[in-house]
Amino acid sequence: MAGSSVSSGGRPPLFATEKPARVAAYAYRLFAGTVLAGLLLVWLYRATHLPPRSSGARWWAWIGLSAAELWFGFYWVLTLSVRWSPVYRRAFPDRLTRRYKEEELPGVDIFVCTADPTLEPPMLVISTVLSVMAYGYPPEKLNIYLSDDAGSVTTLYALYEASEFAKHWIPFCKKYKVEPRSPAAYFARADSPPDTCDPKEWFALKEMHKDLTDRVNSVVDSGKIPEAPECKVRGFTQWNEDTTYRDHPSIVQILIDGNQRKTADIDGNALPTLVYMAREKRLHEHHHFKAGSLNALIRVSSVISNSPIIMNVDCDMYSNNSGSIRDALCFFLDEEQGQDIAFVQYPQNFENVVHDDIYGNPINTVNELDHPCLDGWGGMCYYGTGCFHSREALCGRIYSQDYNKDWRMVRKTEEVDELERLAKSLATCTHEHNTLWGIEKGVRYGCPLEDVITGLQIQCRGWKSVYYNPARKGFLGMAPTSLGQILVQHKRWTEGFLQISLSKYSPFLLGHRKIKLGLQMGYSVCGFWALNSFPTLYYVTIPSLCFLNGMSLFPEMTSPWFLPFAYIVVAAYSCSLVESLQCGDTAVEWWNAQRMWLFRRISSYLLAAIDTIRRMMGISESGFALTAKVTDSEASERYKKGVMEFGSFSVMFVIIATVALLNLACMVFGVARVLLYEGTTGLGALFLQVVLCVLVVVINFPVYEALFLRKDSGRLPASVGLVSFCVVLPLCILPTNMRYEVDQM
Ligand SMILES: *[C@@H]1O[C@H](CO)[C@@H](O)[C@H](O)[C@H]1NC(C)=O
């Protein structure tokens with residue numbers, strides 16, 4: 001690594017931006033050049049060896065394959081942008097500590113969003129809240145806001161319980177330097193006190209946490225708030241019989257007011273401010289989902305704490321590092337470059353991923369390579385969680401060089417009742433009417449993946465962003481652990497990205513002349529995910545079918561044209577494997593990730609593309625998606641053993657099973673036919689098709705297992721097998737009237 005450090009007036013900078021050694025960059029560019037040359041040769045081969053029209057099926061297959069290869073080539077060029085020039089950031093929090101007194105540090109508002117008490121149980125939510133309340137940061141500068149879009153009184157109750165527990169938990173964390181500071185995660189990991197802890201205190205706290213869990217869960221189960229007198233005053237009276245989650249006035253409850261020093265922890269120290277908010281919901285008013293609640297939080301917090309730094313995190317992603325705020329501040333407070341920075345995005349990491357994960361969940365290449373490259377183009381994307389923002393930039397300020405941030409905090413009033421009343425008026429449905437909220441201010445409305453678009457808009461206004469990926473991860477969330485959940489999630493994202501790419505929010509249009517071309521391309525890598533579906537589906541079906549019928553589509557092994565094909569395949573896959581290993585994946589995880597790529601491309605991406613086309617043509621959406629079910633304990637056991645979870649009937653599974661069966665049939669009958677009629681020389685003529693077919697079969701092994709061998713409830717249902725079989729059978733026996741041809745080259 002060659003460090004590049006700028007010093008400002010003799011003071012060392014608060015963060016450094018490092019680039020990998022030049023040699024590595026040049027080597028990669030050279031490699032990319034050879035692959036590009038190979039691609040051109042492949043295209044040339046396709047153009048010069050086009051079979052005559054009269055060959056019918058073969059002509060069509062050839063045209064399709066050429067189109068697919070053109071697309072893959074184009075897409076590969078796009079992905080070059082996320083390999084070109086990575087940068088790695090390093091923060092120096094100890095310099096920050098030396099340079100700023102505690103009372104000079106800016107206030108930080110932390111937003112936690114939850115939307116559904118069944119999918120996101122209150123215990124999960126308050127574990128996240130407690131983990132961010134316990135950040136190693138002056139409590140009077142720390143303000144935590146929970147937005148509850150379900151408007152559920154049990155969530156407020158859980159938060160009230162958390163505020164009581166925090167009085168013990170926060171001093172305990174600070175005294176013993178506990179990590180991580182989510183009590184649930186901490187006690188799940190440690191079953192005996194560490195040497196540094198007083199065992200009595202440790203066990204008492206563990207017991208207290210268990211009581212808290214039991215109390216909250218029993219209230220969640222019964223839906224009844226206890227009648228205890230101290231619960232009466234805490235704002236629960238704002239609910240009545242008419243309150244439903246879709247129809248209620250705005251509710252704001254300040255559970256702890258850090259400014260007022262009335263509430264202190266058991267050691268007498270101040271506590272961070274803690275606020276519950278359920279914005280107003282009315283049946284006839286559009287609520288704009290998470291974007292709407294974030295914007296309401298921005299306004300509500302502006303009258304209560306108005307901190308210049310805002311951090312937002314999803315309720316299932318707890319803080320795994322109590323120093324993250326200070327790390328992030330190194331970027332904002334750097335004298336030289338801090339003024340340019342609008343947001344600092346942390347990567348998404350998962351707590352529950354097992355070794356050699358069957359779904360290829362560890363997204364190390366994305367976190368360690370793709371994102372540093374986006375950062376290198378000056379524009380890491382914002383993905384809605386684990387991100388620190390400058391309030392000004394988020395609220396629509398246009399970047400200007402000589403603008404100086406004001407870090408002081410101004411409180412409108414000291415009266416809590418008055419504050420709550422003011423805050424409620426800002427969380428009403430009508431407040432945003434005829435304003436720029438959701439257009440220029442705050443998080444964008446009216447487009448899918450509003451987070452990404454919001455980040456892009458901020459960059460288009462001239463701001464820079466930072467991707468910060470420390471070795472010890474700042475936030476840990478939960479990865480989905482069933483194939484259905486993953487495919488559905490990806491369908492949603494892919495569909496959103498494609499819609500963006502085809503709309504006026506496309507990075508090429510929105511970012512035209514505002515951000516670098518490389519960054520526009522980088523954004524488009526995800527933007528065009530969906531369009532990979534058709535070429536991929538084509539590539540894993542047609543060449544195999546043609547092989548079954550003895551129809552050659554690739555150069556023979558002895559032909560010089562064979563070389564570019566072989567080179568591209570070998571080079572691309574070895575490069576991807578090496579990258580994965582370098583980024584910390586295992587070889588098995590890489591292999592599993594390849595399988596997931598195939599599955600996603602032929603199912604999620606395909607349905608996303610089809611649904612987008614249908615919507616553009618004004619036809620209603622297919623509603624193909626299957627509903628994600630909560631993973632049961634048997635399923636999570638299977639996940640730990642590396643067994644893929646299917647379970648229910650879904651169109652996506654049918655596509656996957658059909659492709660798997662088709663290739664199996666083509667391989668078995670195709671090889672048999674060639675050996676029977678031509679001997680091994682016949683295989684040489686069709687070599688690349690054989691390889692392709694065999695690879696598809698090998699990578700689909702878990703599918704055959706789920707179809708034929710497994711007996712557990714996560715297997716592929718017989719109905720899926722039946723439908724796939726009915727599709728594969730005619731495909732395999734009908735086209736034998738196609739004339740058998742040997743490629744004349
Ligand atoms: C989370 O934090 C703990 C320390 O509390 C650390 O040991 C662990 O490596 C962190 N997890 C990740 C994924 O970085």
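Mentor: A salt bridge is a side-chain nitrogen of Lys or Arg within 4 Å of a carboxyl oxygen of Asp or Glu. By that rule, the interface of domain 1 and domain 2 contains zero salt bridges. The model is predicted, so local features need pLDDT of at least 70 and side-chain atom pairs count only at pLDDT 80 or more, while totals for chains, interfaces and linings use all residues. Residues are numbered from 1 along each chain as its sequence is written, and side-chain values use heavy atoms, with hydrogens and water left out.

The domain assignment, automatic or from a database, places 66-82 + 515-733 in domain 1 and 93-348 + 383-479 in domain 2. Four residues of domain 1 and six of domain 2 take part in the contact (heavy atoms within 4.5 Å). The C-alpha centres of domain 1 and domain 2 are 42 Å apart.

Between domain 1 and domain 2 about 340 Å² is buried, 75% of it from carbon and sulfur atoms; this is accessible area (1.4 Å probe) lost on putting the two parts together, summed over both. On the side of domain 1 that touches domain 2 there are four nonpolar residues, with no polar and no charged ones.

Turning to the ligand, its surroundings consist of Glu179, Pro180, Arg189, Asn320, Ala471, Arg472, Lys473 and Leu476 (a heavy atom within 4 Å). This shell comprises three nonpolar residues, one polar and four charged. A backbone N or O atom lies 3.0 Å from an oxygen atom of the ligand in Lys473, and 3.5 Å from one in Pro180. Of the 360 Å² of accessible area that the ligand has on its own, the protein covers 59% (Shrake-Rupley method, 1.4 Å probe).

Methods: Nonpolar A, V, L, I, M, F, W, Y, C, P; charged D, E, K, R; others polar. Polar contact = N/O pair within 3.5 Å; in protein donor to acceptor, adjacent residues only side chain to side chain.
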